[in-house]
Amino acid sequence: MVSSSSFNAIHALALILALHLASNLHAEVRPLVDAHIHYSHDAWQKFPPVEAVGLLRKAGLKHAFVSSSNDEGTQKLVRIDPELILPVLRPYRRRGEIDTWKYDESVINLLTENLARNRYYGIGEFHAYGDDINLPVLQSVISLASHYGIFLHAHSDADAINNIFATDPDALVVWAHSGFDDPEVIRAMLSRHPNLWADLAFRSDFEVDGKVSSEWRQLFADFPDRFLLGTDTYTPERWYYVIEQADWSRQWLNSLPESLADRIAWKNAEILAKRVRQ
Ligand SMILES: [Zn+2]
């Protein structure tokens with residue numbers, strides 16, 4: 001028969017062991033910041049806000065930069081978890097404005113009103129290529145970002161990125177998907193523009209068998225403070241992959257030196273968030 005005092009002791013020991021295991025387990029999960037999340041109108045029903053935030057938390061995200069068509073999606077998530085969600089202002093009211101927004105001058109009012117009302121870390125993700133940057137709407141977007149001291153999240157080719165910096169040499173720019181460009185082009189762009197960050201959303205060409213390829217490894221090592229992670233939930237269905245994407249990212253990050261892995265995983269994004277005028 002077990003006395004009640006030894007039962008209590010066993011109980012306490014079991015509890016300590018469980019806590020120890022839990023903290024070890026926790027220590028193994030690398031925190032991440034996802035710099036490319038959208039919560040657009042057609043995702044709201046499939047993944048109600050509480051569920052969407054739950055998925056981001058379950059993925060082990062420290063923060064997520066979120067932009068949505070329209071901005072109400074982002075605000076829904078901010079209201080639930082203001083610590084997790086770092087809002088970014090998208091210039092789209094709904095899906096389907098990717099090609100037309102840049103000619104629509106009413107977008108400027110939309111941005112101006114939202115910027116006056118809420119706090120944002122950036123404007124984007126927007127789609128613009130080459131000389132689009134010289135259109136009045138894009139020029140206003142660049143000057144609004146400069147006025148508020150926030151970044152631009154640009155889904156753009158290298159020409160457009162160059163044009164943004166020609167317009168405002170002090171701009172802070174996150175290059176969505178690293179332009180889907182080749183490592184040598186990304187290298188040239190990062191060398192040329194010290195205020196350019198590159199997100200790795202929706203690309204996997206840097207990974208082979210769960211490890212970073214040698215060419216990309218060199219690129220990451222040469223620009224350790226410029227790469228960011230991203231899932232890009234550009235359709236509602238992409239929300240199913242948020243956790244899978246985080247797990248996959250942790251896998252290839254493990255093939256990098258620890259300090260470099262942490263920078264890409266979350267530190268670069270945290271530094272960018274602090275660069276933004278608060
Ligand atoms: Zn996107």
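**Figure 1. Right-handed crossing of helices α4 and α5 in the predicted model.** In this predicted model, helix α4 and helix α5 cross with right-handed geometry. Helix α4 spans residues 106-117 and helix α5 spans residues 136-148; their axes come within 10 Å and cross at roughly 10 degrees. Because of that angle, α4 counts as roughly parallel to α5. On the α4 side, the contact is formed by V107, I108, L111, T112 and L115, and on the α5 side by V137, S140, V141, L144 and Y148. Sorted by class, the residues of this contact comprise eight nonpolar, two polar and no charged ones.

**Figure 2. Crossing of helices α2 and α3.** The axis of helix α2 (residues 49-58) comes within 9 Å of that of α3, and the two cross at roughly 70 degrees. This angle makes α2 roughly perpendicular to α3. Helix α2 contributes P49, V50, A52 and V53 to the contact, while α3 contributes K76, L77 and I80. The class count for the contact of α2 with α3 is six nonpolar, no polar and one charged.

**Figure 3. Buried and exposed sides of helix α7.** Within helix α7, which runs over residues 183-192, the residues I186, M189 and L190 are buried. These three lie on the same side of α7, because they cover an arc of only 95 degrees around the axis. E184, S191 and R192 are exposed on the other side of the helix. The packing partners of the buried residues of α7 are helix α6 (158-167), strand β7 (196-199) and helix α8 (214-222).

**Figure 4. Buried face of helix α8.** W216, L219 and F220 are the buried residues of α8. They line one face of the helix, because their directions fall within an arc of 100 degrees when seen down the axis of α8. The face turned away from this buried side bears S214, A221 and D222, which are exposed. The elements that cover the buried residues of α8 include α7, β9, β10 and α10 (258-275).

Figure 5. T167 is located in helix α6. This residue counts as partly exposed, because it has 16 C-beta neighbours inside 10 Å, whereas a buried residue would need 20 or more. When neighbours within four places in sequence are left aside, the contacts of T167 are with I133, Q139 and I142. The C-alpha atom of T167 is separated by 8.9 Å from that of S143, and the two residues are 24 apart along the chain.

**Figure 6. Cis peptide bonds at S69-N70 and G124-E125.** The peptide bond that leads from S69 to N70 is cis, with an omega near 0 degrees. N70 belongs to the loop between strand β2 (61-67) and helix α3 (72-80). The bond from G124 to E125 is also cis, and its omega is near -15 degrees. E125 is placed in strand β4, which covers residues 122-127.

Figure 7. D209 is not a glycine, yet its phi is positive, at about 50 degrees. The residue sits in the loop that joins β8 (207-208) and β9 (211-212). D209 is exposed, because 8 other C-beta atoms lie within 10 Å and the limit for an exposed residue is 12 or fewer. D232, likewise not a glycine, has a positive phi of about 65 degrees. Its loop runs between β10 (227-228) and α9 (242-253). D232 counts as buried, because it has 22 C-beta neighbours inside 10 Å and 20 or more are required.

**Figure 8. Overview of the protein.** The secondary structure comprises ten helices and ten strands. Of the 278 residues in the protein, 39% are buried. Among contacts between residues at least 6 apart in sequence, 70% join residues that are at least 24 apart.

Notes
Residues are numbered from 1 along each chain as its sequence is written. This is a predicted model: local features need pLDDT of at least 70, side-chain atom pairs count only at pLDDT 80 or more; totals for chains, interfaces and linings use all residues. Helices (H or I, at least four residues) and strands (E, at least two) are DSSP runs, numbered from the N terminus. The arc is that of the directions from the helix axis to the C-beta atoms. Two residues are in contact if their C-beta atoms, placed from the backbone, lie within 7 Å. Axes are lines fitted to C-alpha atoms, for helices over the stretch in contact, and angles run from 0 to 180 degrees between N-to-C directions. Angles under 35 degrees count as roughly parallel, over 145 as roughly antiparallel, 65 to 115 as roughly perpendicular and the rest as oblique. A crossing is left-handed if the near helix is turned anticlockwise from the far one by less than a right angle, and right-handed if clockwise. Ala, Val, Leu, Ile, Met, Phe, Trp, Tyr, Cys and Pro count as nonpolar, Asp, Glu, Lys and Arg as charged, and the others, Gly among them, as polar.
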